[in-house]
Amino acid sequence: MTQMTLRQHLRAGSTDTDLMILFEDIAEACRMIADEVRHGAFAGNLGAAGTQNVQGEAQKALDVISDEIFQAQVGRNTRVAALVSEEVDAVNWRKDTPQAGDFIVYYDPLDGSSNLDVNLSVGTIFSIVRLDASIETTDSAVQIKGTAQIAAGYAIYGPSTGLVITTGQGVDGFTHHPGSGSFLLTQPDMTIPPETQEFAINASRYDLWEAPVRQYIDGCLRGVDGPRGKTFNMRWCASMVADVHRILTRGGVFLYPKDSGNAAQGGKLRLMYEANPMGMLVEAAGGASSTGTGRILEVVPTGHHQRVPVILGSKHEVAVIEDYHTK
Ligand code: P6P
């Protein structure tokens, strides 16, 4: 148990005090959510909550519990001006007059929760923006481009509880040590190799895909005799945190494209608390994050629950997919 703790790592990286405290509040919330997830079966919390969220998705009991934990733990941080949750329609304003230096935290409290009752990995995703001026407490005030993020990360509740974070330069992975309760640095400087032979996509939507995506996947499946001249493997966890964690660990490309089934909503995954934070992490690890036709972090938000197409991972593979979109 000689690895650095999260606090030691942040201090060594001369993270400013306000951001360091916010990271620790988020880590505390994730520790508590991990505990609820691991004890869900005993508390009868693995099933549905009987309610719907703003996305029109049936909520799991643990979705609601996780959101309440995050709101409580992170919401009492005195520099947090607003919380934007996947589970809640309205922005949760914590201050009447947000000031420069305050934070906005966008988060998905329990991503992939459809995996809970089959005991597969789920996670918490968060994105942090720091205000450079005071703002009005309006919805449009939180619609800030992904390039403005000062930090992003996720917790993954798998065989072990992990925490992966970036402040823009590099990505570092921590593992929760049950004995001490600390997150210890176990995967420093996570880097995505530019090439890969592994893609992640929900292949059951094949008939819904647009032509460029179908051409790309067809090419991968034709292997050495096809246009790519090499074989590909496929993984799909139905949990973005799990798929992105694999890509940050060994490379790969993740696609949740716009298709004829989700085009009316602009895609499936949400910009502010899924695509932007994962996009920042992937880029900080040397990968690329695209809508298929442009950089995710450059998307100008028009709503805090808006959805976007997501293609991210190994840089050269993302470029191949973008090339299919432009041809
Ligand atoms: P599908 C989970 O609901 C999620 O938002 C992401 O974590 C995941 O990548 C995707 O949706 C799974 O979608 O269509 O496979 O259920």
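Me: Which side chains meet in a salt bridge at 2.7 Å, N to O?
Reply: E298 and K145. A salt bridge here is a side-chain nitrogen of Lys or Arg within 4 Å of a carboxyl oxygen of Asp or Glu. This is a predicted model: local features need pLDDT of at least 70, side-chain atom pairs count only at pLDDT 80 or more, and totals for chains, interfaces and linings use all residues. Residues are numbered from 1 along each chain as its sequence is written, and side-chain values use heavy atoms, leaving out hydrogens and water.

Me: How many salt bridges between domain 1 and domain 2?
Reply: Three.

Me: Where are the domain bounds?
Reply: Domain 1 is 6-187 and domain 2 is 198-326. Such bounds come from an automatic or database domain assignment. The C-alpha centres of the two domains lie 23 Å apart.

Me: How many residues does each domain put into the contact?
Reply: Domain 1 gives 47 and domain 2 gives 32. Contact means heavy atoms within 4.5 Å.

Me: And what area do they bury between them?
Reply: About 2900 Å², with 62% of it on carbon and sulfur atoms. That is accessible area (1.4 Å probe) lost on putting the two parts together, summed over both.
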